[in-house]
Amino acid sequence: MRILTNLVCDRSDGFQPHYLTIQFPSRCRIAVVALFIRFSQDQSYTPHKVSINVGTTWNDVEEVKSLEMETPEGWQYLDLRNADGDCVFASMLQLVVHSNHHQGRDSHVRCLKAFGPAPQRSHALRNRSLLR
């Protein structure tokens with residue numbers, strides 16, 4: 001898979017929900033979003049319920065995936081592809097932290113990565129590998 005963004009963020013303060021919004025310069029296909037979260041270090045700062053919203057502008061953002069995490073440690077993957085394997089097509093990606101563990105107020109997300117689909121090998125390369 002191709003990395004579309006590798007965002008390292010630490011914390012957010014204030015009332016929930018917390019929003020982390022990424023705007024791409026143009027519409028792109030997004031297959032998977034990965035979050036790096038450490039419950040053992042962050043405890044009440046650890047997100048419990050998150051969702052991913054996508055759209056092209058602020059006016060058409062809609063939820064495509066949600067996840068509840070009990071004691072997340074390490075990478076948490078949210079697959080945004082539908083049953084046919086099609087990626088979402090958007091220029092805006094938004095992570096929403098709805099609640100934290102132990103009713104924590106601030107949130108820690110250590111890293112967020114958005115992945116596009118795996119690059120397709122060209123038809124000529126596939127045929128050449130079959131001839132060997």
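Me: In what order do the four strands of the open sheet stand?
Reply: This is a predicted model, in which local features need pLDDT of at least 70 and side-chain atom pairs count only at pLDDT 80 or more, while totals for chains, interfaces and linings use all residues. Residues are numbered from 1 along each chain as its sequence is written, and side-chain values use heavy atoms, with hydrogens and water left out. Strands are DSSP runs of E with at least two residues, numbered from the N terminus, and two of them pair if DSSP finds at least two bridges between them. The pairing here is antiparallel, and the four strands form an open sheet in the order β3-β8-β5-β6.

Me: Which strands stand at the edges of this sheet?
Reply: Each edge strand has a single partner strand, so one side of each is left without a neighbour in the sheet. The strands in that position are β3 (18-30) and β6 (62-68).

Me: How many bridges join β5 to β8?
Reply: Strand β8 covers residues 88-100 and runs antiparallel to β5. One of the bridge pairs links proline 47 to asparagine 100 in β8. The number of bridges joining β5 to β8 is eight.

Me: Is asparagine 53 buried or exposed?
Reply: Asparagine 53 lies in strand β5, residues 47-55. Beyond its neighbours within four places in sequence, its contacts (heavy atoms within 4.5 Å) include Val61, Glu63, Met92 and Val96. Buried means under 20% relative accessible area, exposed over 50% and partly exposed in between, with a 1.4 Å probe and protein chains only. Because its relative accessibility is 11%, asparagine 53 counts as buried.
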